[in-house]
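Let's take a walk through this one together. Have the model open and follow along as we go.

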Amino acid sequence: MEVFIRILFVVALLSEVVFMQTDKDNGKVHRHQYRHNVPWDQRWPGIESYPRVVREWDSLRVEISKFRNEVHARGDDIPAREVDIPENLLLSSAKAYISARLFHWNLKYDGSFQKYWGGYGGDGFLVMQIKRRLPEIWGLLAEVDGIVLVEAFRDTMLLRSHTIHDEEYPRNLVLYGKVIDDILGTIEEDTIMTRHNTVWFNDLFAVTEKPELLLILRSGTDAVINNKIVSIYYTEWHLETEPKYIYVENGVIHDPYSVFNIDGKKYEDFKNEMRNFLKEQGIRP
């Protein structure tokens with residue numbers, strides 16, 4: 001009997017080792033299944049089947065990577081984040097990246113730019129350079145999913161998939177808005193949900209008045225509705241404590257928190273300026 005027990009123990013131990021190794025191997029596959037170990041300075045396999053602007057960004061991404069590799073190959077003791085890419089490469093890359101990011105990214109996560117590089121098509125290094133070296137509008141466009149005018153009709157609380165409790169900093173607030181105008185032409189939904197961190201309407205108006213709000217939308221958050229996780233937009237960075245909204249009355253913009261610093265500007269003028277900028281810079285699908 002003692003021998004039999006020892007045999008069972010050994011079998012169980014070996015099974016555990018095999019299980020742990022299999023689990024480890026599965027994790028390794030999971031971590032690398034998206035990028036397929038493609039070096040950053042090489043073109044993405046199958047890129048010829050992607051939309052034009054994604055192909056352009058992929059080509060420029062390779063150029064940026066090769067330039068940075070050349071700098072470091074010379075032995076220059078410069079941190080990667082401080083390597084300034086040439087001005088012409090920065091501008092062309094910004095146009096391609098913003099075009100791909102704006103027009104081929106969506107909440108369903110099935111946009112071409114999300115499929116590109118296995119969902120890792122972004123480039124924080126480039127965005128950092130855009131924000132540091134180009135006019136402010138470039139940095140804005142590099143980080144947003146859309147800019148919309150909505151009619152707000154409900155403000156409620158919806159939990160995230162990862163609940164955050166903070167009485168002084170309520171991060172479970174979600175606004176419902178009917179899309180009146182999609183300025184950049186990038187938002188697919190007629191009605192949006194957007195998470196915010198601050199109580200918007202205490203000082204100026206109640207949501208029951210259905211105010212028209214001008215919102216900067218970013219994807220990357222969620223809400224739990226009927227026990228299901230639903231992807232939604234957000235309008236304020238994680239640590240922002242001031243509201244990030246603008247409201248429009250009688251066609252005039254009111255920007256009380258200096259989101260765009262356009263208080264008093266006519267809404268139509270702002271919209272036309274944004275659309276003209278996209279057209280002039282060739283930022284398009």
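Are Phe260 and Phe270 buried or exposed? Both Phe260 and Phe270 are buried, where buried means under 20% relative accessible area, exposed over 50% and partly exposed in between, with a 1.4 Å probe and protein chains only. Before we go on, keep in mind that this is a predicted model, so local features need pLDDT of at least 70 and side-chain atom pairs count only at pLDDT 80 or more, while totals for chains, interfaces and linings use all residues. Residues are numbered from 1 along each chain as its sequence is written, and side-chain values use heavy atoms, with hydrogens and water left out.

Now to the aromatics. Searching the whole structure turns up eleven aromatic pairs; rings of Phe, Tyr and Trp (its six-membered ring) pair if their centres lie within 6.5 Å, and planes under 30 degrees apart count as stacked, over 60 as edge-to-face and the rest as tilted. Take Tyr50 and Tyr116: their ring centres sit 6.1 Å apart with the planes at 75°, so this pair is edge-to-face. It ties together distant parts of the chain, 66 residues apart, with Tyr50 in the loop between helix 1 (2–32) and helix 2 (52–73) and Tyr116 in the loop between helix 4 (112–115) and helix 5 (124–133). Helices here are DSSP runs of H or I with at least four residues, strands are runs of E with at least two, and both are numbered from the N terminus. Tyr50 and Tyr116 are both buried. Back to Phe260 and Phe270, then: they form a tilted pair, 5.3 Å centre to centre with 35° between the planes. Phe260 is in the loop between strand 7 (252–254) and helix 7, and Phe270 is in helix 7, ten residues apart. Ring pairs also link Trp44, Tyr50, Trp57, Tyr97, Trp105, Tyr109, Phe113 and Tyr116 into a cluster.

Trp57 comes up again around Ser93. Ser93 lies in helix 3 and is buried, with a relative accessible area of 0%. Leaving aside neighbours within four places in sequence, Ser93 is in contact (heavy atoms within 4.5 Å) with Trp57, Leu60, Ile64 and Leu126.

On to the strands, which pair if DSSP finds at least two bridges between them. Strand 4 (residues 212–225) and strand 5 pair antiparallel over seven bridges. They make a hairpin with two residues between them, and Asn226 in the turn has a positive phi of about 50°. Ile225 has Lys228 as its bridge partner in strand 5. Strand 5 (residues 228–234) also runs parallel to strand 3 (residues 191–196), joined by two bridges, and Arg195 stands opposite Tyr234.

That leaves the pockets. A pocket is an open set of points on a 1 Å grid over the protein atoms alone, with protein on both sides within 12 Å along at least five of seven lines, and lining residues have an atom within 4 Å of a point. The largest pocket has a volume of about 540 Å³. Of its 23 lining residues, the closest to its centre are Glu136, Leu140, Ile216, Val259 and Phe260. Helix 6 gives the most to this lining, with four residues. The second largest pocket has a volume of about 150 Å³, and its lining includes Tyr97 and Tyr234.

Terms used: 1 Å grid on protein atoms, 1.4 Å probe; cavity = no way out; pocket = protein on both sides within 12 Å on 5 of 7 lines; lining within 4 Å. Points joined across faces, edges and corners; volume = space filled by probe spheres on them.
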